[in-house]
Amino acid sequence: MPATERLISLEKRFFLKERELNALLEITQAINLDSPENSLYKIFQFTLLGQLNIRRLVLYVREEEQWQCVLSFGAGQPDFRGVPLPEVARQKCTHAACPVHTLEMGPEWELLETIIPVVQNGQVLAYIFIGSVHEDYGQGEATKFLETLSNILLGAIQNRRLARQRVADAAIRKEIEIAQEVQSMLFPQKLPNDAHVAVHASYVPHTAVGGDYYDVVSLDAERFLFCVADVSGKGVAASLLMSNFQAGLRTLVRQKVDLATIVHELNHLIFRNSGGDKFITVFFGVYDRTTRRLQYVNAGHNDPILVPDYGPIKLLKEGTIMLGVMDDLPMMSVGEVTVPPQTLLLNYTDGLTEVFNEAQEEFGEEGVVAALRRGRYLPLTRLHSELLAEIKAFNAKGSHFSDDITILSCRFK
């Protein structure tokens, strides 16, 4: 090659490298200025037009397992935003640049010449379609530099998304921590254990913040109220609704109102707070140590199981519908039983019964009753651990339960 031609060639290459450096500078400046994603894509477009003279370009980016066209410019070609990325491009162009005409994608793609996959850690993050590259800028050089420039751009966008996700995850973790603290404060710190009665409770949350609740509140020297509840839904919203429920219950107890009034007022409270979108199933019991009378209301909850020392097992069914479904309860009755000595009462949420084995058979109420017949005279702590061990052995998922489990048992002496 004559010296003059070599000099012209070197000047062109120097000019193109200068353009590439300018393009890199524009992109990195935009990244450092913390420009929004849409602005970064626009700057990418103008850089390719202004610095590299690439006159047609379509950019598809993978966003949450979906391919989205984020850039589409060039005279004479359709706007590809909203057009799905062709399956043939994903199948045949996974590691290196491919000529568009070999993929047979249709006439709308004819003005584009090359498709470039942008790969990071073996995964395709984007596809760049280019056409009408300036004659002084060889296709091979254009391809290589576009891959570099796109990797810088998409890497920066990915890092921003990860940073936003970390901030969002941290906020969620903080919410969960607060909800866990709130929930732990809802549960009573001390349960009755005296000459008349012993109470024990176990709680196994399905997630970090569950939707179950239990409480035991002293009414006077002889009487105490206990309840087991299950709110629809899980997480922070369920925890907040339960905290409202507990605050309302404690307020009504201090006002020394009867059980029927407590149920009606809590129903109003839940309905006002949730607008009927959420509900709570709950069993309330009030036990009098002197008379051995147990008053109760079952508000759409699993029937507690009353196991006397002699005679048949009794299910405590009387009450009303679940709370929070409507402003006024359509029906309500307060049940009452005399509790014989050495009687066991088991209260629980549906996480204890809605456990399935490999044959999709449910543990169910029958399984709980059978377990109680075998272990009714065990200490309450042991009875609970045996019950949990039995459903764990029965469960097809092993120790992973599909719902929260709450057990509250009372042994009336």
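Predicted model: local features only at pLDDT ≥ 70, side-chain atom pairs only at ≥ 80, totals over all residues.

Visitor: Let's start with Thr406; why is Thr406 called buried?

Guide: Buried means under 20% relative accessible area. Thr406 has a relative accessible area of 0%, so it is buried. For orientation, Thr406 lies in strand 16.

Visitor: What makes the pair Thr406 and Asp212 a polar contact?

Guide: The distance between their side chains is 3.0 Å, and the cut-off is a pair of N or O atoms within 3.5 Å. Leaving aside neighbours within four places in sequence, Thr406 is also in contact with other residues, including Tyr203, Tyr214, Val228 and Asn347.

Visitor: Now helix 7; how do you know that its length agrees with what a helix should span?

Guide: Helix 7 covers residues 364–375, which is 12 residues, and at 1.5 Å a residue they should span 16 Å. The end C-alpha atoms are 17 Å apart, so the two values agree. Among its buried residues are Val368, Val369 and Leu372, and the buried set packs against strand 11, strand 15 and helix 8.

Visitor: What about helix 6, residues 259–274: what is its reach, and what is expected?

Guide: Helix 6 has 16 residues and reaches 23 Å from its first C-alpha to its last, close to the expected 22 Å. Its buried residues include Leu259, Val263, Leu266 and Ile270. After helix 6 comes Gly275, with a positive phi near 65 degrees.

Visitor: Which residues touch the most other members of the largest nonpolar core?

Guide: That core has 49 residues, and the ones touching the most other members are Phe245, Phe284 and Leu323. Helix 5 (235–254), helix 6 and strand 9 (280–288) are among the elements that each supply at least two residues of this core. Not counting residues up to four places away in sequence, Leu323 touches Phe245, Val263, Phe284 and Leu329, among others.

Visitor: Next, the sheet with the order 2-1-5-4-3; why are strand 2 and strand 3 said to stand at the edges?

Guide: Strand 2 (66–73) and strand 3 (98–99) each have a single partner strand, so one side of each is left without a neighbour in the sheet.

Visitor: What makes strand 4 and strand 5 a pair?

Guide: A pair needs at least two bridges. Strand 4 (residues 114–120) and strand 5 (residues 123–131) are joined by seven and run antiparallel, with Ile115 having Phe129 as its bridge partner.

Visitor: And how many bridges are there between strand 11 and strand 15?

Guide: Three bridges, in the antiparallel sense, link strand 11 (residues 305–307) with strand 15 (residues 343–348). Ile305 stands opposite Leu346 there. Both strands belong to an open sheet of five strands in the order 6-16-15-11-12, whose edge strands are strand 6 and strand 12 (314–315). Helix 8 (residues 380–394) lies across strand 6, strand 15 and strand 16, at about 145 degrees to strand 16.

Visitor: Last one: which residues of strand 14 are on the covered face, and which on the uncovered one?

Guide: In strand 14 (residues 335–338), Gly335 and Val337 form the covered face, while Glu336 and Thr338 form the uncovered one. Four bridges join strand 14 to strand 10, running antiparallel, and Val337 is the bridge partner of Leu294.

How values were computed: Residues numbered from 1 in each chain as written. Heavy atoms only, no water. Expected span 1.5 Å × (residues − 1). Buried < 20%, exposed > 50% of the residue type's maximum accessible area, 1.4 Å probe, protein only. Core = buried A, V, L, I, M, F, W, Y, C linked by side-chain atoms within 4.5 Å. Contact = heavy atoms within 4.5 Å. Axes fitted to C-alpha atoms, helices over the stretch in contact; angles between N-to-C directions. Polar contact = N/O pair within 3.5 Å; in protein donor to acceptor, adjacent residues only side chain to side chain.
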